[in-house]
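Please examine the structure shown below together with its sequence. The paragraphs that follow consider charged pairs and then pockets.

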Amino acid sequence: MTSKTTTTLSIRDLTERIGTEVRAGKEALLSGEHAGAIRELLEQRGVLVFPQIGFTDAEQVAFTETLGTLAPERDGEAVYDVTLDTKVNKQADYLKGSFYWHLDGTMNQVPILASLLSSKVLPAGGGGDTEFCNTYAAYEELPEDDKGQIASLRAMHSAWNSLLYHDPEPDFATLRQMMAIGQTELPVVWTHRSGRKSLILGCTASNVVGMEYSEGVKTLVRLRDWATQPQFVYRHQWSVGDLVMWDNTGTMHRALPYDPDSGRMLRRTKLAGEEPFA
């Protein structure tokens, strides 16, 4: 694994295929002087960890804007409360889908480029780590026969399919609300503008178009199991002040279980998407 130091930027790979720790001073990060290197490293490594950098909300927004265009949240806010506390986040129930492997924005033609999370409060009682898998590396290491078999496959994605993971018997009003978000057909293999390819999988994927339903489900689960093998996964154990950012176009992620009443609080900013699914 790589370890490298420049004048003000120190990097250390956390696993062979995904995850790099980045250490630099706040002033240098907020100046944007390392923005190009950070963008390049993000695409190469999938996940970047800035240990205990301790950004304020304003600093996190400013840092995000050095890297691209800030994507506002649903109600226009720049920073989003990632918590299961419904007193803080009225849409907390929607976050229950985050306990299952997914990438964000499968309902959009252009998904967000990246998310940045700052840890503010650790969950009382433990838990709440976040796992990431590298879907570039997972595709690249597939056997050639598999690559040929899945090259032209397309899958249906919907928010309501992820709902059924954590609420298999939703009431009709909830199901109808989630179904109103819509569904979309996406390739299983995303061919990026760079020429690299990654896998589009996760809990929003329900079936493979044109394939018998059970066979399609087996295909999606088999590929998910492949992509989430330990060699493709980085697990982050949070400390207060950590900032973790990940390439949403080349990874999947999930939160590990924790007590919803534990007070766990992360703050999120997002980089607007720059490339449509293809």
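A salt bridge is a side-chain nitrogen of Lys or Arg within 4 Å of a carboxyl oxygen of Asp or Glu. The model is a predicted one, in which local features need pLDDT of at least 70, side-chain atom pairs count only at pLDDT 80 or more, and totals for chains, interfaces and linings use all residues. Residues are numbered from 1 along each chain as its sequence is written, and side-chain values use heavy atoms, with hydrogens and water left out.

Side chains of opposite charge can pair when their charged atoms come close. By the rule above, the count is 21 salt bridges. In one of them, the side chains of Arg 154 and Glu 185 meet at 2.7 Å, N to O. This pair links distant parts of the chain, since Arg 154 belongs to strand E8 (residues 154-158) and Glu 185 to strand E9 (residues 183-187), 31 residues apart. Strands (E, at least two residues) and helices (H or I, at least four) are DSSP runs, numbered from the N terminus. Arg 154 is partly exposed, with a relative accessible area of 35%; the terms here are buried for under 20%, exposed for over 50%, and partly exposed in between (1.4 Å probe, protein chains only). Glu 185 is likewise partly exposed, at 35%.

Another salt bridge joins the side chains of Arg 235 and Asp 129 (2.9 Å, N to O). Here too distant parts of the chain are linked: Arg 235 is in strand E13 (residues 233-236), while Asp 129 is in the loop between E6 and strand E7 (130-134), 106 residues apart. Asp 129 is buried, with a relative accessible area of 11%.

Attention now turns to the pockets. On a 1 Å grid over the protein atoms alone, a pocket is an open set of points with protein on both sides within 12 Å along at least five of seven lines, and lining residues have an atom within 4 Å of a point. Grid points are joined across faces, edges and corners, and a volume is the space filled by probe spheres (1.4 Å) set on the points.

The largest pocket holds about 1,000 Å³ of space. It is lined by 44 residues, of which Tyr 94, Leu 95, Asp 104, Gly 105 and Arg 268 are the closest to its centre. Helix H6 contributes the largest share of this lining, four residues.

The second largest pocket has a volume of about 320 Å³. Among its 14 lining residues, Asp 93, Tyr 94, Thr 174, Gln 177 and Met 178 are the closest to the centre. H7 gives the most to this lining, with three residues.
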